[in-house]
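Thank you all for coming. Please open the sequence and the structure side by side, and I will walk through some of the helices.

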Amino acid sequence: MRDVARLAGVSHQTVSRVLNNHPNVRQETRDRVVQAMEALNYRRNLAARTLVTRRSGALGIVGFESTLFGPASMLYAIEDAARAAGYFVSVATVRSLDRQSVLDAVDRLAQQSVEGIIAISPKPAVTHALVQVAPVLACVGVGGGAGDDSVPTVRVDNRVGAALATRHLLDLGHATVHHVAGPADWPEAVERVDGWRDTLYAAGAVVPPVRPQAWNARSGYEQGAMLATDPTVTAIFCANDQIALGVLRALHESGRRVPEDVSVVGFDGMPDSEYFLPPLTTVRQDFAELGRRSIDMLLGKIDSTGQPTEHMLLSPELVRRASSSRPRA
């Protein structure tokens, strides 16, 4: 910093003000300092800054190795929101969603002096681990189902999303709606089953049996092939868009047309779902908003002592496309 100050002909305090975007610096002086930094290839010493300010300007994210659209989209959205807020991001991934793996990931991030941690928490074990960490490091859980009350969370209201999909199909005139579910050990999948079932009960409709499987298209294909053999099936709500893709293929191979014979609705709002054949009606999650809200919550927790624990539910929206229509007479 002193080298930059010498080249720009200013004090090192002025260089510090430019680095911190202080308003009381003339534009001409600011330009001179920036040119000097570029000439010297100056980079801020984060270790020294941390020692002086007790702030590292870094946030940690605990993710897990997955190609699933939802968790991957959460990770990207959180990273984007953190960078937009002026923070560096360090990511620690885990292979299994157990408590000890999450604690190990948190420990790796803590060694990098992160100011707080956001954990993508599709399973309860992640939130349970954060409970142990929260007293010494600000933590926020993102996604999953209802977690421990002592850890702040931001998540999508899966029950509302499932209700939107189910009500949409009932309003079109379908007598009932079948559901192709996600894994039974994922709270998000369980909440989508609950939202679907509660909506059918409220409408006085028959509640068909459900067989929880995997989040992938293969699972959707296998269950779709079974449903396709039943001529009374006219509407299917899928736990995610990848499952819906498999269901669409199974129906096509069985000679059941979509939406003329069977209407299909997904969940997630994958960008590719618009290009399925036919384009998929789906429940869209706003992952960008999820990222922004989680970063805002974490920064509020870092800056405020004794802040009450907050749990934020974001409402998804139904995107109507060509895969759903009124049943044939």
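Predicted model: local features only at pLDDT ≥ 70, side-chain atom pairs only at ≥ 80, totals over all residues.

**Helix α9 and its neighbour**

Let me begin with α9, which has 17 residues and reaches 24 Å from its first C-alpha to its last, close to the 24 Å expected at 1.5 Å a residue, where the expected span of a helix is 1.5 Å times one less than its number of residues. Residues are numbered from 1 along each chain as its sequence is written, and side-chain values use heavy atoms, with hydrogens and water left out.

The buried residues of α9 are Pro187, Glu188, Ala189, Glu191, Arg192, Val193, Asp194, Gly195, Trp196, Thr199 and Leu200; here buried means under 20% relative accessible area, exposed means over 50%, and partly exposed is in between, with a 1.4 Å probe and protein chains only. After α9 comes Gly204, with a positive phi near 75 degrees.

How do we describe a pair of helices that pack together? Two packed helices are described by the angle between their axes and the distance between the axes. The axes I quote are lines fitted to C-alpha atoms, for helices over the stretch in contact, and the angles run from 0 to 180 degrees between N-to-C directions.

For helix α8 (residues 158-171) and helix α9 (residues 187-203), the axes come within 7 Å and cross at roughly 40 degrees. The two helices α8 and α9 are therefore oblique to each other, given that angles under 35 degrees count as roughly parallel, over 145 as roughly antiparallel, 65 to 115 as roughly perpendicular and the rest as oblique. Their crossing is right-handed, a word used if the near helix is turned clockwise from the far one by less than a right angle, with left-handed for anticlockwise. On the α8 side, the residues making this contact include Ala162, Thr166 and Leu170, and on the α9 side they include Glu188, Trp196 and Leu200; contact means heavy atoms within 4.5 Å.

**Helix α3**

At 1.5 Å a residue, its 14 residues should span 20 Å, and the end C-alpha atoms are 20 Å apart, which agrees. Which residues of α3 are buried? They are Thr29, Arg30, Val33, Ala36 and Met37. Seen down the axis of α3, these buried residues fall within an arc of 125 degrees, so they line one face of the helix, the arc being that of the directions from the helix axis to the C-beta atoms. The face turned away from that buried side carries the exposed residues Glu28, Gln35, Glu38 and Ala39.

The buried residues of α3 pack against α1 (2-8) and α2 (12-19). The axes of α2 and α3 come within 10 Å and cross at roughly 90 degrees, and α2 and α3 are therefore roughly perpendicular to each other. That contact is made by Thr14, Val15, Val18 and Leu19 of α2 together with Thr29, Arg30, Val33, Val34 and Met37 of α3. Following α3 is Asn41, whose phi is positive, near 55 degrees.

**Helices α10 and α11**

The axes of helix α10 (residues 217-228) and α11 come within 6 Å and cross at roughly 40 degrees, and α10 and α11 are therefore oblique to each other. α10 passes α11 in a right-handed crossing.

Arg249 lies in helix α11 (residues 241-253) and is exposed, with a relative accessible area of 52%. Met226 lies in helix α10, and at 47% relative accessibility Met226 counts as partly exposed.

**The whole chain**

To finish, let us step back. The chain has twelve helices and eleven strands, and its C-alpha trace spans about 85 × 40 × 30 Å along its principal axes. Of the 329 residues in the chain, 51% are buried.

Methods. Helix = DSSP H or I, 4+ residues; strand = E, 2+ residues; numbered from the N terminus.
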